[in-house]
Amino acid sequence: MTVQDVARKYMRLSIYRRALLRKKAFAVGLHDGQLPLLEAITQMPGSTQQELSESLLVSAASIALSAKRLERAGLICRETDETNRRRNKLSVTEEGAAVAAKHRDQLNEADSAMLRGFSERELTQLAEYLDRMLDNITDEAGPIRVILPQVKGGNKTKC
């Protein structure tokens, strides 16, 4: 097995997982890129669009478009930053927190299915391999900030 064979398998897994994310997003009436943003806002209530752009490694324009759609859907709200009136802070609504929690539960179920049959030792070994891969790619790409889901149920802010 060559490095290219392993990379192709990893790419195929990534494509299937992304397709699943897209399917789950459409099931709740959203575009696939909106769920990571909704989850990030849940993790970091009161974040600005710029902060979210940096954390999710997407353009500010992409964040602005997705935030506008999420706001129209009633899943997030904006509050003007009192220290800088040109900036808006984004927070999830109760409905947005519910959608994010439901999506997180569905994704956890899908990840559990994907890793079904792996022993605890195999999961630990896989995690160690993935950590090494992350270290290697970080050496090449440099440091980045990425939001990882940690809070079940989310944080809500009334707007």
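Guide: Let us begin with Glu71, which counts as partly exposed at 33% relative accessibility; please keep in mind throughout that this is a predicted model.

Visitor: OK, and what does Glu71 form a salt bridge with?

Guide: The partner is Arg78, and the closest N and O atoms of the two are 2.7 Å apart. Arg78 is itself partly exposed, with a relative accessible area of 25%.

Visitor: How many salt bridges does the count come to?

Guide: The count comes to five salt bridges. One of them joins the side chains of Asp111 and Arg17, at 3.0 Å from N to O. Because Asp111 lies in helix α5 (residues 94-114) and Arg17 in helix α1, this pair ties together parts that are 94 residues apart in sequence.

Visitor: And Arg104, which side chain does that one meet?

Guide: Arg104 meets Glu39 in a salt bridge, again given as 3.0 Å from N to O. Here Arg104 belongs to helix α5 and Glu39 to helix α2 (residues 34-43), so the pair links parts that are 65 residues apart in sequence.

Visitor: Changing topic, what is the strand order in the open sheet?

Guide: The three strands are arranged as β1-β3-β2, and their pairing is antiparallel. Since β1 (47-48) and β2 (76-80) each have a single partner strand, they stand at the edges, and one side of each is left without a neighbour in the sheet.

Visitor: How many bridges join β1 to β3?

Guide: Two bridges join them: Ser47 is partnered with Leu90 in β3, and Thr48 with Lys89. Between β2 and β3 there are five bridges, also in the antiparallel sense, among them the one that pairs Thr80 with Asn88.

Visitor: What lies across β2 and β3?

Guide: That is helix α4 (residues 60-72), which runs at about 110° to β2.

Visitor: Where is Leu57, and what about its phi?

Guide: Leu57 sits in the loop between α3 (49-56) and α4, and its phi is near 60°, a positive value in a residue other than glycine. Most residues other than glycine have a negative phi.

Visitor: Last one: which residues make the nonpolar surface patch?

Guide: Tyr10, Leu130 and Met133 make the patch, which covers about 280 Å². Of these, Tyr10 is placed in helix α1 (residues 3-27) and counts as partly exposed, at 46% relative accessibility.

Key:
Residues numbered from 1 in each chain as written. Predicted model: local features only at pLDDT ≥ 70, side-chain atom pairs only at ≥ 80, totals over all residues. Heavy atoms only, no water. Pairing = 2+ DSSP bridges. Helix = DSSP H or I, 4+ residues; strand = E, 2+ residues; numbered from the N terminus. Contact = heavy atoms within 4.5 Å. Axes fitted to C-alpha atoms, helices over the stretch in contact; angles between N-to-C directions. Patch = residues over 30% accessible without salt bridge, like charges linked within 9 Å, V, L, I, M, F, W, Y side chains within 5 Å. Areas by Shrake-Rupley, 256 points an atom, 1.4 Å probe, with all protein chains shown as cover. Salt bridge = Lys/Arg side-chain N within 4 Å of Asp/Glu carboxyl O. Buried < 20%, exposed > 50% of the residue type's maximum accessible area, 1.4 Å probe, protein only.
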